[in-house]
Amino acid sequence: MKQEKWWIAWAAVLFMLVAVGTSWAEDEIVIGGCQPITGRFAFAGKHINEGLMDAVGYANEQGGAGGKRFRYLYQDTGYDLKRAVATFKQIMAQDTPVMMYGESTGQGKALSPEINDRYHVVYSSTSFSEELSDRKKNPYIFVGGSTYAQQFGILLKYIADHPKKKGVPPRVAFFYSDTEFGRDPIPYAREKAKELGIEVVAEEVTKVGAVDVTSQLLDLKRNKPDFCIFQGYVVSPIPAVITGAKDFGLDITFMGTFWAMSKMLIDKLGPDGDGYMGVMPYSYWYMDDVPMIQIIRAYNKKHHPDVTYRPNSYMQGWFTGMVFTKLAQMCVDRNLQVTGENLKDMIPKIRDWDTGGLAGVVSFKDTNATAMGKVYRAEGGKYIPASDWMYLD
């Protein structure tokens with residue numbers, strides 16, 4: 001009889017523990033991350049991870065989503081595709097997050113069928129791939145900014161509005177790496193240039209990190225573009241191309257998309273960097289008149305007092321964290337459970353969202369990407385706005 005009472009009492013304790021555990025789980029919104037903190041992408045991955053972590057931390061300081069706190073957990077993938085896929089599946093099995101962050105375009109493409117059919121988790125990543133932003137193919141996946149193609153579109157739109165010679169169609173060269181990263185926006189860019197009356201006079205293709213760019217420089221000298229847009233590089237070979245073009249006496253305005261718009265690049269270029277231009281979906285750390293940058297700097301001063309600068313990769317992580325937490329709040333506001341399925345349905349409902357100047361006014365109306373950005377010009381080691389926020393139709 002005593003043994004029976006003991007088992008009844010023990011069962012009651014177990015029931016209470018399970019109930020409390022369930023309560024805790026229901027009060028948390030779990031976000032997972034497969035982050036490239038080591039490996040050849042670590043220079044950016046660690047900052048993306050910190051930006052996402054800090055955005056989630058800031059959201060918790062503001063009360064979470066309807067009283068539910070966010071819990072961010074991550075694992076390092078070393079920028080290795082097999083490891084990244086395995087890490088994603090491990091985190092999904094152990095922690096069942098409703099939102100996940102990935103390390104690369106390759107990981108997103110490899111996992112997208114299972115994300116759609118099995119996991120039903122909202123997913124974003126380091127990638128600005130056009131394919132991943134296709135809502136019909138990948139309804140659970142969004143790009144934390146404008147896609148590479150959209151960034152090209154913004155630069156071409158700027159070029160069409162600022163020709164070097166009035167009444168003469170601008171002449172443009174595309175300079176890209178022979179990688180998926182480099183080739184991604186080129187078909188769109190060709191069509192967009194034609195639509196805008198821009199003449200594409202050259203396409204220069206190299207390996208990533210190419211050292212010898214002599215043949216490409218000679219081709220630029222022969223074709224005399226007014227503008228040249230880099231894609232698929234972070235630093236090398238951009239400095240060699242820009243300094244080489246100056247040595248040849250070429251009057252070319254060089255431009256880049258997101259990954260070629262870092263402080264690291266213009267620091268490498270030094271005085272040769274002045275006049276370099278490009279597009280960014282976000283504001284920079286030193287733009288302290290921007291309300292969200294003020295919040296970011298205050299959060300860093302409080303939690304990371306030794307930090308004196310955050311790069312554009314950190315801003316990508318922070319903005320993606322803003323989207324994650326906004327989607328959760330939208331579910332709560334509609335009395336919906338915060339599930340991957342419901343979060344996915346909120347993405348196209350983000351309309352005319354004021355991001356406090358970090359990423360302009362954002363809508364995911366027609367695509368799971370923002371289709372907007374700002375053109376900047378490098379001056380004295382900083383990127384200065386050359387345009388207001390620009391939007392593609």
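E180 is partly exposed, with a relative accessible area of 41%; partly exposed lies between buried (under 20%) and exposed (over 50%), using a 1.4 Å probe and protein chains only. E180 forms a salt bridge with K109, with 2.5 Å between the closest N and O atoms. A salt bridge here is a side-chain nitrogen of Lys or Arg within 4 Å of a carboxyl oxygen of Asp or Glu. K109 lies in helix α4 (residues 105-119) and E180 in helix α6 (residues 180-183), so the pair ties together parts 71 residues apart in sequence. Helices are DSSP runs of H or I with at least four residues, strands are E runs of at least two, and both are numbered from the N terminus. K109 is also partly exposed, at 22%.

The model is predicted: local features need pLDDT of at least 70, side-chain atom pairs count only at pLDDT 80 or more, and totals for chains, interfaces and linings use all residues. Residues are numbered from 1 along each chain as its sequence is written, and side-chain values use heavy atoms, without hydrogens and water.

K192 and E195 form another salt bridge, with the closest N and O atoms 3.2 Å apart. The two are three residues apart in helix α7 (residues 186-195), so about one helical turn separates them. K192 is buried, at 15%. E195 is exposed, at 58%.

The whole structure holds 19 salt bridges. The chain has 13 helices and 13 strands. Of its 393 residues, 55% count as buried.
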